[in-house]
Amino acid sequence: MSTAYPVPSDVSPVTVKNAASLLRIVALSLISGAAIASRLFAVVNFESIIHEFDPWFNYRATKVLAAKGFYEFWNWFDPTAWYPLGRVVGGTVYPGLMVTSGVIYNILHWLNLPVDIRNVCVLLAPGFSALTAWATYMFTKEMKDESAGLLAAAFIGIVPGYISRSVAGSYDNEAIAIFLLMFTFYCWIKALKQGSALFGTIAAVFYFYMVAAWGGYVFITNMIPLHALVLILMGRFSDRLYVAYSSWYAIGTLSSMQVPFVGFQPVSTSEHMGALGVFGLLQIVAFAQLVRTHVSSQQFQKLLVASVIAIGVLGASAFVFLTIKGKIAPWTGRFYSLWDTGYAKKYIPIIASVSEHQPTAWPSFFMDLQFLIFLFPAGVILCFRQLRDEHLFVIIYAVMASYFAGVMVRLMLTLTPVVCVASAVALSTLLDTYIDPTEPIPAEEDVDDSASVVTNGSSAANAPSTQTQSKKAKKAAAAAPPSKGPLGDLVAATVSSTSTKAGASSKPKGIFGIDARLVVILNTLAMLFFFVFHCTWVTSSAYSSPSVVLASQNPDGSQHIIDDFREAYYWLRQNTPEDAVVMSWWDYGYQIAGMADRPTLVDNNTWNNTHIATVGKAMSSSEEVAYPILRKHDVEYVLVIFGGLIGYSGDDINKFLWMVRIAQGVWPEEIQEPNYFTPQGEYRIDERASQAMKESLMYKMSYYRFAELFGGNPGTDRVRQQQVPKVGPTLDYLDEAFTSENWIVRIYQVKKEDPLGRDLKSANAFEQGKKRKRTKPAPRRRAII
Amino acid sequence: MFSLKTLLLLAVGLVNIVYAKSSTGNSDEAPAIIEYDEPAFVHVVVLASETKNFAKDLSPQAFVELLNLKTNLILALSTKQTPLTSLAPEFSLVLPPPGTPLVSYFPKRDEPASLIPITPTKQDATHILSKNLAPVWFSGVPQALGNNPLLVPILHAPAESFASEVDGGSADALADSAEKGGEGLWAGSQLSVVTGFQTVNNARVTWVGGVDLFSDELAQKEVSPGVKSGNAQFARDIAAWTFQENNVLRIDKIEHHRVNETEPRELYTNNDQLVYSAYISKFNPVKNTWEPYSGIKDLQLSFTMLDPHIRTALPPVSGHPGKYSTTFRAPDRHGVFKFVIDHKRQGWTFLQSSTTVPVVPPRHDEYPRFLSAAWPYYAGAISTSVAFFLFSALWLAGEVKEGTKKSGSKGKTE
C-alpha cells in the first residue's frame with residue numbers, strides 16, 4: 001500500500017476518534033464565534049439599535065411581554081395601531097420570537113444579570129445564528145458525514161443570504177426561524193431514518209415552535225408531506241416512514257393549532273391540506289400493506305390497489321367539493337403570487353408594493369451565496385449517487401427552494417440552508433477525494449480499497465467513483481454549463497457507480513502524486529478564502545445598515561451619521577399630545593409606534609387593505625378631498641419622508657405610485673394612475689408634472705417651501721434629478737410643523753375646522769387679506785323661463 | 001357722535017362685567033386688543049359704524065382672531081363702506097350695496113321711511129329676546145343670510161321692507177335695481193337686521209344693522225301712543241346673549257362605567273352593558289353661578305368608531321338635576337370607540353364632548369368554557385379516549401401470539 005504523503009500508522013483508532021471529536025467541537029465553537037462576530041458590524045459601526053421596520057414592532061411587543069407578563073401579552077389589544085380599528089395583537093402575531101426573548105430576559109434577570117431588554121432583542125439573531133450553524137451541522141452529518149457537516153456549518157455561519165436577515169438588531173421572526181427550520185428538518189430525517197416516534201415527536205415540538213415563530217412554517221408543512229409523498233410514490237413506503245410521519249403530523253398539527261393566530265387553519269385552509277392528504281394516504285397505504293400480509297389472493301390484491309386508488313380519488317374530490325362549498329379556504333393571494341409573478345401586481349398591489357416580494361435579480365444570487373451557488377448543483381447531483389431517503393429530501397428541498405427564491409427575494413432565505421448543505425456535500429466529497437492519501441495501484445486489480453487508513457473512511461470505498469464525480473463537479477463549478485450539465489452528470493454518475501459496484505473497471509482510477517492533489521486543494525482553499533472575504537465585505541457594507549440611522553461619507557472619508565428619523569420621531573414624542581394620531585404611509589407605522597409612541601392609522605402589519613387604501617387616497621388626492629378623510633380619522637399630524645434634498649431614494653415620492661395604485665384598487669372612479677403621469681407617460685415632479693400630481697397632498701407636502709431653499713436659483717430634486725418649479729405648492733389645510741435636519745422627515749399638522757364655518761381655503765385667503773367677491777342673496781324662487 | 005350715550009345705555013343694563021370698547025377714536029396709543037396671543041378684553045364692542053379706517057390692530061383679521069380667542073363681539077354696520085363691510089361676508093352675511101338702508105312705507109307713520117318699527121315675531125330668536133318685547137325702532141342696513149348653520153338670526157326685517165336708496169325709493173327704482181341685480185333683491189322678512197353668530201368654539205358675535213338702535217333717542221321714543229319702544233330691553237337682551245350670560249350651558253363632567261360598577265374602566269369588552277352620564281349646568285347671570293340644568297329634551301349620545309355604531313337619546317334623570325344618563329350595550333366589535341355628545345342648537349352654547357375608550361374582545365379566560373353546541377366534539381373526544389383505553393387494556397391483557405404486524409394500528413393512535 002502506498003500513500004501520497006506520509007501518514008502516521010502507529011496511532012490507535014480510539015485516539016484518532018477522540019482527537020477528531022475534540023477538533024469538531026473546537027471547530028464548531030469557532031464557527032459559532034465567527035457567526036456571531038460577523039453579525040456585530042451593525043453594532044460596532046452604529047450602535048445597539050433595532051433595525052428597519054418590523055423589528056420595531058417585535059421589540060415593542062417584547063417590551064410589553066417583559067413588563068406585563070405573558071397573559072397580558074396574550075390579551076394585548078393595541079388601541080394605537082390601525083386607529084381607530086385597533087389591533088388584537090395577541091391573536092394576530094407569531095409570538096415565538098417575543099416569548100423567546102422574554103424567556104431569555106427572565107433567565108438573565110433570575111441570574112441577577114440586569115440586561116436591558118433591548119440588548120436581548122438586538123443580540124438574539126446573532127445568538128440564534130450560532131444555533132443554526134449547529135443545526136445545519138447535525139443535518140448535513142445525516143446526509144454525508146461530520147466533515148461535510150462542519151463545512152455546512154461554516155457556510156451557513158457566514159453566508160450573506162442568511163446574514164441579511166440576522167444581523168444584530170434585525171430582530172425579526174426569521175432570526176430564530178431558520179434555526180427552527182433546520183432543526184425540524186434534522187429531527188424529521190432522524191425520525192425517518194430510525195423510524196423513531198421520539199424524534200418524530202421532537203420534530204413536532206420544534207415544528208410547533210416554528211409555527212409560533214414565523215409564517216414561513218407553511219414551508220415545513222408542505223416540505224415534509226412532499227417528501228413522504230415522493231417516498232410513497234417511489235415505492236419506498238416503510239414502517240419507519242409511517243411512524244415518523246404520523247407522529248410528526250398528529251402532534252405537530254394539534255400543537256400548532258394552539259397558536260392563536262393559526263387557530264383552525266391547519267384543518268381549514270388549502271395550504272395545509274397537502275399534509276392532511278398525505279397523512280390520509282399513509283393510513284390507506286399502511287392498511288393496504290397490512291392486508292397484503294394477511295391475504296395471498298392475487299385478485300384480491302388487485303382489488304386492493306383499485307380501492308386504494310378509488311379512496312384517493314374520493315378524498316381529492318371531497319377536498320375540491322369542500323373548497324367550492326367554502327369549508328376550506330381557497331389559496332390566498334400571497335400563495336397565487338408564488339406561481340404567477342404578475343398576479344400580485346394585478347390584483348393585490350399591496351403585496352407587490354413590498355420590495356421583498358419582488359422577483360429576485362440574478363446578481364443577488366451571487367451576492368448572497370457567492371461560490372456556493374455553483375457548488376450547489378454539484379451537491380444536489382451527488383445526492384443522487386446514494387439516493388437514500390434523506391438525500392431525496394435534500395433534492396426536493398433544493399428544487400422547491402430554488403424556485404421560490406427565484407420568485408421572491410425574501411425567500412432567498414429558505415434557499416440558503418439547502419445551498420449550504422448541498423455545497424458542503426460537494427466540497428467535502430472533493431476534499432475527501434483529494435486529501436485521501438491512498439495511491440491507486442497502476443494497472444493492477446484494485447484490492448486496496450479495504451486497506452485504507454483514512455479516518456473519514458466512508459468515502460474510501462467509493463473513491464474511484466467519487467473522483468470522477470468530483471471532477472465533474474469541479475468542471476461544473478468552473479464553467480457551469482447550465483444546459484446539458486445536470487442530466488449528463490446524473491447519467492454519468494449512475495453509470496459509474498454501477499460499474500464500480502460490479503467491479504468491472506479495468507483502468508485504475510485515482511489521483512497520483514502530491515502535486516495533483518495540491519493543485520486542487522490549494523484552488524479550493526483559495527475559493528474558500530475568497531468566500532470569507534466576500535461574506536465579510538457584503539455583510540459590512542450591504543447588510544449592516546440599521547436603515548433607521550443612515551451613514552454617509554464626509555469629504556475627508558470619515559463617517560457622517562444622518563439621524564433624521566429619530567430626530568423626527570422624538571420630536572413627535574416630545575411635542576405632541578399623547579393621543580395625537582399620526583398618518584403616514586404604512587412603512588413607517590411600526591417605527592412611529594415604537595419610537596414616537598403615537599397612534600398610527602396604518603402600519604406594516606398590512607391586514608386591512610381598505611384602511612391602507614384610505615391613506616393612499618388621502619395622500620394622492622387634493623387637499624379638499626383629503627381633509628374630510630383626515631378629520632374623520634382624527635388625524636392630527638401627517639408625516640412624509642422626502643429624500644429630494646440629500647438624495648435618499650427610498651422616499652415617499654418614489655413610493656407614491658403604489659399609494660395611487662392601492663387607492664385605485666378601492667376607488668377606481670376617483671383615483672386613476674394615468675393621471676399622475678405626464679401626457680408623454682413620464683413620472684415627473686417638475687414644471688411638467690401632471691395636474692393631479694401637483695395637487696396631490698403627497699406632492700405638496702414633499703415640496704412645500706422646497707424651492708425657497710435655493711434662494712431664487714432653480715432647485716433640484718436630487719433623487720429624481722429634476723428641477724422643481726420655482727413657485728412651490730401652497731397648503732391650506734395643513735401647517736408645516738417640523739422638518740428634520742436633512743429634510744428626510746417632514747411633519748405637518750392638520751388644521752382644525754374654521755371657527756366661522758368657512759372652508760379653510762377661503763379662510764386662508766381672508767387671512768392673507770384677499771377680498772372676497774361680492775355675493776348676492778341666494779335666489780328663493782325659480783327663474784321663469 | 002352717539003357712542004357715549006350708547007355706551008351709557010349698555011352700561012345701565014349690564015352689571016358685574018367689565019365691558020371695554022376699544023378705540024373708536026382711532027388713536028394709536030390705545031392698548032392693542034391682542035397682545036402676545038392673549039386678548040386684552042373679554043368682550044369688544046365696535047360701534048364706529050361710519051369710521052373709514054380703524055387702528056392698525058383692528059383689522060378684520062384681528063376680529064376673527066379675537067373670536068378664535070373666545071372674545072365676544074358686537075359689531076355695528078352702517079350704509080357706508082367700512083372695514084366691517086368686508087368682514088361681514090366671512091360670516092355668511094350678504095350686505096346690500098353701499099348707501100341702501102332698509103326702507104319700509106308700512107305702517108303709515110310720520111317718521112322717515114328708513115326708521116322702521118319692527119315687532120319681534122315667532123320667527124325671531126324668542127329664546128334670546130325677552131317675552132312681550134315692544135316693537136323696536138330700527139334704522140340701518142339689512143343683511144341677507146347665507147346658509148351657514150352658525151348664524152343665529154335675532155331680529156328679522158318686516159315683510160314689507162326692502163333695501164333701497166332713501167331718496168330714490170320709488171317703486172320704479174326698486175324694480176330697476178331688482179332687474180340689475182337679477183335675483184339679488186334685498187327685500188322681505190328673510191332679511192335680518194340684527195344677526196347673531198356663534199363660532200364653533202362658542203364665541204359669540206352680534207351684527208347690528210344700524211347703531212341708532214342703541215341710542216337713547218330711540219329708546220325713549222314711543223312706538224304707539226303711550227308705549228315706549230322696546231329698544232332698551234332689546235339692547236340688554238342681545239348684550240346678555242352676546243356676552244355669554246344668556247343661553248350658556250356647559251358639561252361639568254361625564255361618567256362612564258359598566259352596569260353595576262361605579263368606576264370607569266380603561267377598556268371595555270364587547271357586549272358590555274355600559275352606563276354613560278353627563279352633568280350639564282346652565283349659567284345664571286343674576287346669581288353669577290352655574291346651576292344644574294335638566295331642560296334639554298333632545299340630547300343624544302353616539303358611540304362612534306368612524307361611524308356611529310350606537311346613537312341613543314340621553315334623557316335627563318328625574319331626581320338628579322343636571323344629570324343625563326343612558327344605558328346601552330357595547331357593540332360586538334372591537335376598536336377605539338368614542339362617546340360623543342355633539343349638541344348644537346341655534347342660540348345655545350354648543351355642547352361637545354368626546355371621550356375615547358377602546359372596546360376589546362374578551363380575554364382568553366372570559367369565553368364560555370363549555371358550549372352545548374360543542375357536544376358532538378366532546379362526545380367524539382371522550383369516546384375516542386375510552387376506546388383507546390379499552391383497546392390498550394385488551395391488548396395488554398390479551399394473549400400475546402408471535403409478532404403480528406400491528407404497527408399500523410399502533411401508529412394510528414399516536
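A residue counts as buried if 20 or more other C-beta atoms lie within 10 Å of its own, as exposed if 12 or fewer do, and as partly exposed in between, with C-beta atoms placed from the backbone.

The model is a predicted one, in which local features need pLDDT of at least 70 and side-chain atom pairs count only at pLDDT 80 or more, while totals for chains, interfaces and linings use all residues. Residues are numbered from 1 along each chain as its sequence is written, and chains are lettered from A and ligands numbered from 1 in the order in which they are written.

Among the partners that Trp248(A) touches, leaving aside residues up to four places away in sequence, are Trp188(A), Ala191(A), Tyr207(A) and Ile224(A). Contact means that the C-beta atoms of two residues, placed from the backbone, lie within 7 Å.

Turning to helix α3 (residues 54–68) of chain A, its 15 residues should span 21 Å at 1.5 Å a residue, and the end C-alpha atoms are 21 Å apart, which agrees. The expected span is 1.5 Å times one less than the number of residues. Helices (H or I, at least four residues) and strands (E, at least two) are DSSP runs, numbered from the N terminus. Buried residues of α3(A) include Trp56(A), Phe57(A), Tyr59(A) and Leu65(A), and their cover includes α4 (70–74), α5 (96–110), α6 (117–143) and α27 (589–596) of chain A. Just after α3(A), Gly69(A) takes a positive phi of about 95°.

In chain B, 5 strands form an open sheet with mixed pairing, in the order β18-β25-β24-β21-β22. Strands β18 (268–269) and β22 (307–313) of chain B stand at the edges with a single partner strand each, so one side of each is left without a neighbour in the sheet. Pairing requires at least two DSSP bridges between two strands. Strand β21 (residues 300–305) of chain B pairs with β22(B) in the antiparallel sense over 6 bridges. Leu301(B) has Thr312(B) as its bridge partner, and Met305(B) stands opposite Asp307(B). This hairpin has 1 residue between the strands, and Leu306(B) takes a positive phi near 65°.
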